[in-house]
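Please keep the structure open while you read.

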Amino acid sequence: MSFHQLDINQMSINPFQRIGNEWMLITAKKGETVNTMTASWGMMGVFWGENVVTVGIRPQRYTKEFVDAGDIFTLTFFDGERKKEMGYLGSVSGRDEDKIKKVDFHVTEIDGAPTFEEGKLVFVCKKLMETPLDPADFKESWIDEKWYEAHDYHIMYTAEVIGVYQSGQEV
């Protein structure tokens with residue numbers, strides 16, 4: 001599958017639908033190895049005058065090691081398709097098996113960043129900031145009670161979107 005670059009300023013995207021309902025894969029490379037995880041939480045917008053995304057990764061996730069190992073990562077969207085595969089990629093650790101091979105996804109690179117041939121829309125992201133969540137900053141106690149029973153607070157990565165690519169199909 002070939003990808004072509006889009007002008008981010010010409011895109012119309014609903015992040016609530018894309019991220020919250022359709023999900024995305026956060027993918028990074030460490031050495032020659034690629035790992036990915038499914039995410040349904042994240043943000044898109046403008047900060048410091050740049051088009052940015054913010055994603056959270058819990059400290060125990062294997063993908064965090066890969067995101068930490070380099071400056072870039074990708075967010076890959078599948079237009080609501082491949083939910084079964086994405087569910088698997090979000091529930092099994094790459095430490096334990098080659099989960100990418102198991103779901104029959106094929107790694108490719110765009111601008112030196114790993115993604116998947118099966119993807120429909122890819123954001124190539126360059127890390128700008130890494131911020132651990134601190135429960136002392138929560139203004140509502142239910143957040144900690146509902147989402148952090150294990151006290152495994154997300155590390156928030158804010159990254160500049162340095163390229164957006166679409167597969168041969170319409171977004």
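1. Let's begin with Asn35, which counts as buried because its relative accessibility is 3%, where buried means under 20%. This is a predicted model, and in it Asn35 is found in strand S3. The side chain of Asn35 makes a polar contact, at 2.8 Å, with the side chain of Thr63. Leaving aside neighbours within four places in sequence, Asn35 is in contact with Ile26, Thr27, Ala28, Tyr62, Thr63, Phe66, Gly94, Lys99 and Ile100.

2. Which residues of H2 (residues 62-69) are buried? They are Tyr62, Thr63, Lys64, Phe66 and Val67. The cover over the buried residues of H2 includes S2, S3, strand S5 (50-57), S6, S9 and S10.

3. Helix H1 (residues 15-22) is worth a look down its axis. Arg18, Ile19 and Glu22 are buried in H1. Seen along the axis, the buried residues of H1 fall within an arc of 120°, so they line one face of the helix. Among the elements that cover them are strand S2 (24-30), strand S3 (33-39), strand S4 (43-47), strand S6 (72-77), helix H3 (83-91) and strand S9 (121-132).

4. Both ends of H1 deserve a comment. After H1 comes Trp23, whose phi is positive, near 75°. Lys83 lies over the face of Trp23, at 4.0 Å from the ring centre.

5. Now for the nonpolar cores. The largest nonpolar core has 23 residues, of which Ile26, Phe73, Leu75 and Phe123 touch the most other members. Two or more residues of this core come from each of S2, S3, S5, H2, S6, S9 and S10. S10 gives the most to it, five residues. Leaving aside neighbours within four places in sequence, Phe123 is in contact with Ile8, Met11, Ile13, Met44, Val53, Phe73, Thr74, Leu75, Phe77, Val161, Gly163 and Val164. Another core lies apart from this one; it has nine residues, including Phe78, Leu89, Ile100 and Phe105.

6. How many aromatic pairs are there? The count comes to nine. In one of them, the rings of Phe78 and Phe105 have centres 5.3 Å apart and planes at 20°, so the pair is stacked, the cut-off for stacking being under 30 degrees. This pair links distant parts of the chain, 27 residues apart: Phe78 is in the loop between S6 and H3, and Phe105 is in the loop between helix H4 (99-102) and strand S7 (107-110). Both Phe78 and Phe105 are buried. Ring pairs join Phe78, Phe105 and Phe116 into a cluster.

7. A further ring pair to check is Phe138 with Tyr148. Their ring centres are 5.8 Å apart and their planes lie at 25°, so this pair is stacked. Here too distant parts of the chain are linked, with Phe138 in the loop between S9 and helix H5 (141-147), and Tyr148, 10 residues apart from it, in the loop between H5 and strand S10 (155-166). Both Phe138 and Tyr148 are buried.

Key: Residues numbered from 1 in each chain as written. Predicted model: local features only at pLDDT ≥ 70, side-chain atom pairs only at ≥ 80, totals over all residues. Heavy atoms only, no water. Buried < 20%, exposed > 50% of the residue type's maximum accessible area, 1.4 Å probe, protein only. Helix = DSSP H or I, 4+ residues; strand = E, 2+ residues; numbered from the N terminus. Arc of directions from axis to C-beta. Contact = heavy atoms within 4.5 Å. Phe/Tyr/Trp six-rings, centres within 6.5 Å; stacked < 30°, edge-to-face > 60°. Lys NZ or Arg CZ within 6 Å of the ring centre and 35° of its normal. Core = buried A, V, L, I, M, F, W, Y, C linked by side-chain atoms within 4.5 Å. Polar contact = N/O pair within 3.5 Å; in protein donor to acceptor, adjacent residues only side chain to side chain.
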